[in-house]
Amino acid sequence: MNGELDLELYTISIIGLNNALETLDKTSFEEVCGNFQEFYQDVVNDLNLEEIQMNDYYMFFENGKTVFPQYIQTLKDIENEDIKDSLESLINVFENLNKIASAFPAQQEMINETH
(Lines give C-alpha, C1' and ligand atoms only; values in the text may rest on other atoms or scores of the structure.)
Protein backbone atom coordinates (compact mmCIF):
# COMPACT_ATOMS: atom_id res chain seq x y z
CA MET A 1 0.00 0.00 0.00
CA ASN A 2 2.64 2.51 -0.99
CA GLY A 3 4.72 2.09 2.15
CA GLU A 4 1.96 3.12 4.54
CA LEU A 5 0.26 0.80 6.97
CA ASP A 6 -3.43 0.34 6.05
CA LEU A 7 -4.84 1.00 9.51
CA GLU A 8 -8.35 1.33 8.10
CA LEU A 9 -8.30 -2.23 6.77
CA TYR A 10 -6.76 -3.46 10.03
CA THR A 11 -9.44 -1.70 12.09
CA ILE A 12 -12.23 -3.09 9.91
CA SER A 13 -10.66 -6.56 10.21
CA ILE A 14 -10.39 -6.38 14.00
CA ILE A 15 -13.98 -5.16 14.38
CA GLY A 16 -15.13 -7.93 12.06
CA LEU A 17 -13.12 -10.50 13.99
CA ASN A 18 -14.56 -9.39 17.31
CA ASN A 19 -18.08 -9.61 15.85
CA ALA A 20 -17.35 -13.03 14.36
CA LEU A 21 -16.03 -14.22 17.72
CA GLU A 22 -19.34 -13.24 19.30
CA THR A 23 -21.52 -14.98 16.71
CA LEU A 24 -19.20 -17.78 15.48
CA ASP A 25 -20.85 -17.27 12.08
CA LYS A 26 -19.06 -19.03 9.22
CA THR A 27 -19.66 -16.26 6.66
CA SER A 28 -18.32 -13.64 9.09
CA PHE A 29 -15.17 -15.66 9.69
CA GLU A 30 -14.61 -16.18 5.96
CA GLU A 31 -14.91 -12.43 5.33
CA VAL A 32 -12.61 -11.58 8.24
CA CYS A 33 -10.10 -14.15 7.07
CA GLY A 34 -10.04 -12.59 3.61
CA ASN A 35 -9.56 -9.12 5.09
CA PHE A 36 -6.69 -10.24 7.30
CA GLN A 37 -5.01 -12.09 4.44
CA GLU A 38 -5.23 -8.93 2.32
CA PHE A 39 -3.84 -6.86 5.19
CA TYR A 40 -0.98 -9.29 5.78
CA GLN A 41 -0.05 -9.30 2.09
CA ASP A 42 -0.09 -5.48 2.07
CA VAL A 43 2.27 -5.47 5.07
CA VAL A 44 4.65 -7.92 3.42
CA ASN A 45 4.61 -5.93 0.18
CA ASP A 46 5.21 -2.66 2.03
CA LEU A 47 8.11 -4.04 4.05
CA ASN A 48 9.80 -5.02 0.80
CA LEU A 49 9.71 -1.45 -0.50
CA GLU A 50 12.69 0.85 -0.21
CA GLU A 51 10.71 3.60 1.49
CA ILE A 52 8.05 2.95 4.12
CA GLN A 53 6.49 4.94 6.95
CA MET A 54 8.50 3.34 9.75
CA ASN A 55 6.77 5.18 12.60
CA ASP A 56 3.44 3.55 11.75
CA TYR A 57 5.07 0.13 11.67
CA TYR A 58 6.96 0.62 14.95
CA MET A 59 3.77 1.38 16.87
CA PHE A 60 1.76 -1.28 15.07
CA PHE A 61 4.25 -4.07 15.74
CA GLU A 62 4.87 -3.00 19.34
CA ASN A 63 1.13 -3.34 19.92
CA GLY A 64 1.07 -6.54 17.85
CA LYS A 65 3.64 -8.18 20.11
CA THR A 66 0.91 -8.09 22.76
CA VAL A 67 -2.32 -8.62 20.82
CA PHE A 68 -1.30 -11.16 18.17
CA PRO A 69 -0.52 -13.93 20.69
CA GLN A 70 -3.82 -13.20 22.45
CA TYR A 71 -5.80 -13.57 19.23
CA ILE A 72 -3.87 -16.72 18.32
CA GLN A 73 -4.78 -18.31 21.65
CA THR A 74 -8.40 -17.18 21.46
CA LEU A 75 -8.76 -18.69 17.98
CA LYS A 76 -7.04 -21.93 19.01
CA ASP A 77 -9.46 -22.30 21.93
CA ILE A 78 -12.53 -22.32 19.65
CA GLU A 79 -13.85 -25.78 18.89
CA ASN A 80 -16.26 -25.47 16.00
CA GLU A 81 -16.05 -27.72 12.94
CA ASP A 82 -18.13 -25.34 10.79
CA ILE A 83 -15.48 -22.63 10.96
CA LYS A 84 -12.39 -24.81 11.38
CA ASP A 85 -10.84 -23.85 8.01
CA SER A 86 -11.35 -20.13 8.60
CA LEU A 87 -9.95 -20.44 12.12
CA GLU A 88 -6.84 -22.21 10.84
CA SER A 89 -6.34 -19.55 8.16
CA LEU A 90 -6.74 -16.75 10.69
CA ILE A 91 -4.34 -18.42 13.11
CA ASN A 92 -1.83 -18.71 10.28
CA VAL A 93 -2.14 -15.00 9.41
CA PHE A 94 -1.77 -13.96 13.06
CA GLU A 95 1.21 -16.27 13.51
CA ASN A 96 2.86 -14.73 10.44
CA LEU A 97 2.15 -11.20 11.68
CA ASN A 98 3.47 -12.21 15.08
CA LYS A 99 6.70 -13.49 13.50
CA ILE A 100 7.19 -10.16 11.76
CA ALA A 101 6.39 -8.25 14.96
CA SER A 102 8.84 -10.32 16.96
CA ALA A 103 11.60 -9.69 14.44
CA PHE A 104 10.77 -6.02 13.93
CA PRO A 105 13.08 -3.77 15.95
CA ALA A 106 11.58 -1.40 18.46
CA GLN A 107 11.84 2.26 17.55
CA GLN A 108 14.30 2.87 20.39
CA GLU A 109 16.53 0.05 19.11
CA MET A 110 16.70 1.72 15.69
CA ILE A 111 17.51 5.11 17.25
CA ASN A 112 20.31 3.52 19.30
CA GLU A 113 21.76 1.82 16.21
CA THR A 114 21.99 5.08 14.27
CA HIS A 115 23.89 6.90 17.05
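Close-up 1. At 36% relative accessibility, Glu-62 counts as partly exposed, a class that lies between buried (under 20% relative accessible area) and exposed (over 50%), with a 1.4 Å probe and protein chains only. In this predicted model, local features need pLDDT of at least 70 and side-chain atom pairs count only at pLDDT 80 or more, whereas totals for chains, interfaces and linings use all residues. Residues are numbered from 1 along each chain as its sequence is written, and side-chain values use heavy atoms, with hydrogens and water left out. Glu-62 forms a salt bridge (a side-chain nitrogen of Lys or Arg within 4 Å of a carboxyl oxygen of Asp or Glu) with Lys-65, and the closest N and O atoms are 3.0 Å apart. Both residues lie in helix H3, 3 residues apart, about one turn of the helix; helices are DSSP runs (H or I, at least four residues) numbered from the N terminus. Lys-65 is partly exposed as well, with a relative accessible area of 30%.

**Close-up 2. The salt bridge between Glu-95 and Lys-76.** The side chains of Glu-95 and Lys-76 meet in a salt bridge at 3.5 Å, N to O. Because Glu-95 lies in helix H4 and Lys-76 in helix H3, the pair ties together parts that are 19 residues apart in sequence. Glu-95 is partly exposed at 28%, and Lys-76 is partly exposed at 47% relative accessibility. A search of the whole structure finds 2 salt bridges.

**Close-up 3. Asp-82 in its loop.** Asp-82 lies in the loop between helix H3 (54-76) and helix H4 (84-103). Its relative accessibility is 59%, so Asp-82 counts as exposed.

Key
Helix = DSSP H or I, 4+ residues; strand = E, 2+ residues; numbered from the N terminus.
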